Amino acid sequence: MTPAEAEETTRRPRRSLRAGTPVEHFATLPRLPDLVKLRPQPDEDGLRFLSRLRSSTTPEEAVTYTAFAAVPTDAAGWGYECLRLMADHLQPQERHMMERIAGWLANPATRLRHEIMREALWSPTRGPSVLLGLAVGWSTGGPAPNDPEPAPAHKAPVAINGAVLSCLARGPLGQRSQYLARILDMAETLFRA
């Protein structure tokens with residue numbers, strides 16, 4: 001194990017959300033203002049803003065905000081749980097990627113993250129699990145062994161958002177609101193941590 005892998009596999013801090021308020025997130029996170037139209041109030045904390053998004057006419061924006069507000073590694077874990085909730089709507093060929101992501105979540109080694117990224121980049125289709133694999137690749141450090149530059153801050157959240165919402169769209173119309181409610185219940189746990 002290289003020093004970088006050892007460092008990445010050490011225990012992560014307990015902070016599930018990025019530092020700052022929703023207003024600060026909208027000011028500092030590229031692409032978030034383009035994807036979420038409802039704006040936070042100046043005195044609103046993340047949980048209250050999530051609740052307001054959830055009860056809006058476009059509750060899917062609460063998924064988007066969660067993908068951006070959570071620390072990328074925790075957002076990837078949340079995205080994995082969302083896809084696992086809707087596993088019946090994943091294609092059989094997506095199961096392998098889900099197993100790889102589960103392995104990385106249990107033991108977040110740099111080598112495995114790079115392997116997941118390579119598989120996701122070369123995948124012939126871009127289903128929900130592949131989008132989540134891309135998010136894992138962009139979540140921490142460089143996306144490849146020969147690329148030490150970290151990915152832009154918006155890459156992982158945009159991929160997580162795409163993974164969750166595209167999987168949600170695969171579900172039967174009559175069940176989507178139930179899935180969305182459960183997804184947002186899981187999101188609330190990140191904001192309450």
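Helices H7 and H9 run roughly parallel to each other, because the angle between them is about 30° and angles under 35 degrees count as roughly parallel. This is a predicted model, so treat the picture below as a computed one.

- Helix H7 covers residues 95-106 and helix H9 covers residues 128-139, and their axes lie 9 Å apart.
- The two helices cross in a left-handed way.
- On the H7 side, the contact uses Met97, Met98, Ile101 and Trp104, while H9 brings Ser129, Val130, Leu132, Gly133, Val136 and Ser139.
- Sorted by class, this contact holds 7 nonpolar and 3 polar residues, with no charged ones.

**The pair H4 and H5**

- Helix H4 (residues 46-54) packs with helix H5 (residues 60-69) at an angle of about 150°, and their axes are 7 Å apart.
- H4 and H5 are therefore roughly antiparallel, since angles over 145 degrees count that way.
- Their crossing is right-handed.
- Gly46, Phe49, Leu50, Leu53 and Arg54 of H4 touch Glu61, Ala62, Tyr65 and Thr66 of H5.
- By class, the contact of H4 with H5 has 5 nonpolar, 2 polar and 2 charged residues.

**Helix H8**

- H8 has 13 residues, 110-122, which should span 18 Å at 1.5 Å a residue; its end C-alpha atoms are 18 Å apart, so the two values agree.
- Its buried residues are Thr110, Leu112, Arg113, His114, Glu115, Ile116, Met117 and Ala120.

**Helix H10**

- The 16 residues of H10, 155-170, should span 22 Å, and the end C-alpha atoms are 23 Å apart, which agrees.
- Buried in H10 are Ala156, Pro157, Ala159, Ile160, Asn161, Ala163, Val164, Cys167 and Leu168.
- These buried residues pack against H5, H6 (72-85), H9 and H11 (173-192).
- A handy rule for reading such a list: an α-helix has 3.6 residues a turn, so residues three or four places apart point the same way.

**A closer look at Trp78**

- Trp78 sits in helix H6.
- With a relative accessible area of 5%, Trp78 counts as buried, because the cut-off for buried is under 20%.
- Beyond its neighbours within four places in sequence, Trp78 is in contact with Val63, Thr66, Ala67, Ile160, Val164, Ile183, Met186, Ala187 and Leu190.
- Trp78 and Met186 are 108 residues apart in sequence, yet 7.4 Å apart in space, C-alpha to C-alpha.

Notes. Residues numbered from 1 in each chain as written. Predicted model: local features only at pLDDT ≥ 70, side-chain atom pairs only at ≥ 80, totals over all residues. Heavy atoms only, no water. Axes fitted to C-alpha atoms, helices over the stretch in contact; angles between N-to-C directions. Helix = DSSP H or I, 4+ residues; strand = E, 2+ residues; numbered from the N terminus. Parallel < 35°, antiparallel > 145°, perpendicular 65-115°, else oblique. Left-handed = near helix turned anticlockwise from the far one by under 90°. Contact = heavy atoms within 4.5 Å. Nonpolar A, V, L, I, M, F, W, Y, C, P; charged D, E, K, R; others polar. Expected span 1.5 Å × (residues − 1). Buried < 20%, exposed > 50% of the residue type's maximum accessible area, 1.4 Å probe, protein only.
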